[in-house]
Amino acid sequence: MLYDKLLEPITFANGTQSFNRIMMAPMCDDSSDNGYVTAGQLTYMHARAANAGIMVTGYAYVNDSGIQVAGQLSAAHDDRVAGLRELATAMKSKRARAILQLSHAGRDSGPSQAAGKRVYAPSKMDFPWLDYDVDEMTTTDIENVIHDFQAATQRAIDAGFDGVEIHDCHHDLLQQFFSAYSNHRNDQWGGSLERRMAFPLAVLKAVKETIATANKPDFILGWRISPEEVHGENVGYHVAEMVEQTKAAIAIGIDYLNVSLSGGLNYHFNEGPKGSKQTFAEIFHNLTAGHCPVFIGAHVHTADDALAAVTVADGTYIGRALLIDPDFTQKIKEGRSQDIITTITHQEMSHRDLPAGLIENYAHPDRFQKGIPLPGLTF
């Protein structure tokens with residue numbers, strides 16, 4: 001069968017497997033209630049659970065100073081565990097591996113600031129797009145956030161997730177430390193390349209220690225990166241520097257690498273750095289070979305797109321395609337790839353088991369539809 005490769009199992013570095021090479025991409029659905037899981041989120045995940053061997057939640061914040069959007073999941077408090085357990089159960093209902101993505105928004109924690117929380121970043125500087133002040137993190141702040149990632153990991157374990165994915169991308173706090181644009185520190189957490197990568201790697205080490213202490217060798221530890229931070233003349237880092245950070249992460253031990261080509265980058269899955277003869281997929285697949293699988297994605301809308309992505313990487317993440325058609329992979333499995341739905345209208349959104357917050361954001365042309373449009377969705 002033409003698409004058999006998509007349906008093959010994939011083995012993670014810790015020896016666990018997922019039943020196919022498809023990842024449901026982490027997408028913030030903006031539908032939590034003060035960080036609590038809602039019924040709409042359970043329905044949304046359950047409806048798609050048969051399609052992806054590994055499903056990743058939208059980013060869950062690890063403390064109340066790190067909230068990026070209203071409706072974001074919380075992994076910051078013990079009283080959220082019950083709802084997270086229901087979410088993990090829905091995601092695993094049809095054999096998928098359930099992964100909780102962990103994040104801290106750093107300077108971009110607008111909802112935290114609006115709620116009266118202190119917002120901080122690696123360095124105190126002017127961020128032109130923000131209308132509030134941002135503090136420079138103290139050593140104690142840094143140590144506390146590392147602990148918060150550990151505590152959130154333990155909550156994921158307690159909730160029955162199969163793993164966590166650390167969000168080292170999309171200009172969140174870990175990437176802010178790695179970026180020469182936003183990290184102007186002259187202590188052990190900034191300056192040289194090695195010192196700029198120290199904080200993300202410290203979070204990784206701490207999370208790995210928590211997993212080991214819990215005696216969970218089958219618990220999956222994923223690592224998501226933005227391969228470069230280049231916005232015109234404003235350069236945070238080039239791909240060669242992220243290669244060095246990724247080498248260090250592999251040495252510490254990750255079970256898979258997720259290379260994000262969205263979140264302000266908006267690359268196609270087969271693109272590469274400007275001027276390079278290699279694609280991002282080739283660069284990072286060569287790096288991880290023999291260590292852990294790598295997932296690539298962005299603009300994977302059809303079965304042919306997905307097949308092309310897994311010829312250059314071990315697996316592919318699918319986001320919008322699973323929003324539009326909750327049976328994307330099932331149709332491939334049944335030999336009905338021609339029946340995959342690739343466009344959607346506003347009226348149809350309410351019939352695809354999508355949570356209310358996601359539908360609401362796509363109802364406004366200046367929100368999701370502007371930055372991450374759904375094919376066919378017009379106003």
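In which helix is L322 found? L322 is found in helix α11, which covers residues 320-324. Helices here are DSSP runs of H or I of at least four residues, strands are runs of E of at least two, and both are numbered from the N terminus. The model is a predicted one, in which local features need pLDDT of at least 70 and side-chain atom pairs count only at pLDDT 80 or more, while totals for chains, interfaces and linings use all residues. Residues are numbered from 1 along each chain as its sequence is written, and side-chain values use heavy atoms, with hydrogens and water left out.

**Surroundings of L322**

L322 has a relative accessible area of 0% and is therefore buried; buried means under 20%, exposed over 50%, and partly exposed in between, with a 1.4 Å probe and protein chains only. Leaving aside residues up to four places away in sequence, L322 touches M24, R48, N51 and F328, where contact means heavy atoms within 4.5 Å. M24 and L322 are 298 residues apart in sequence, yet their C-alpha atoms are 7.5 Å apart in space.

**Packed helices**

Two packed helices are described by the angle between their axes and the distance between the axes. Axes are lines fitted to C-alpha atoms, for helices over the stretch in contact, and angles run from 0 to 180 degrees between N-to-C directions.

| Pair | Angle | Axis distance |
|---|---|---|
| α7 (residues 198-213) and α8 (residues 239-252) | roughly 15° | within 10 Å |
| α8 and α9 (residues 280-288) | about 30° | 10 Å |

The angle between α8 and α9 makes these helices roughly parallel to each other, a term for angles under 35 degrees. Their crossing is right-handed, which is to say that the near helix is turned clockwise from the far one by less than a right angle. On the α8 side, the contact includes V239, M242 and I250, and on the α9 side it includes F280, F284 and L287. This contact of α8 with α9 has 8 nonpolar, 2 polar and 1 charged residues; Ala, Val, Leu, Ile, Met, Phe, Trp, Tyr, Cys and Pro count as nonpolar, Asp, Glu, Lys and Arg as charged, and the others, Gly among them, as polar.

The crossing of α7 and α8 is right-handed.

**Helix α10**

In α10 (residues 303-312), the buried residues are A303, A306, L307, A309 and V310. Viewed down the axis of α10, these buried residues fall within an arc of 160°, so they line one face of the helix; the arc is that of the directions from the helix axis to the C-beta atoms. The buried residues of α10 pack against β15 (294-297), β16 (315-318) and α12 (328-333).

Technical notes
Angles under 35 degrees count as roughly parallel, over 145 as roughly antiparallel, 65 to 115 as roughly perpendicular and the rest as oblique.
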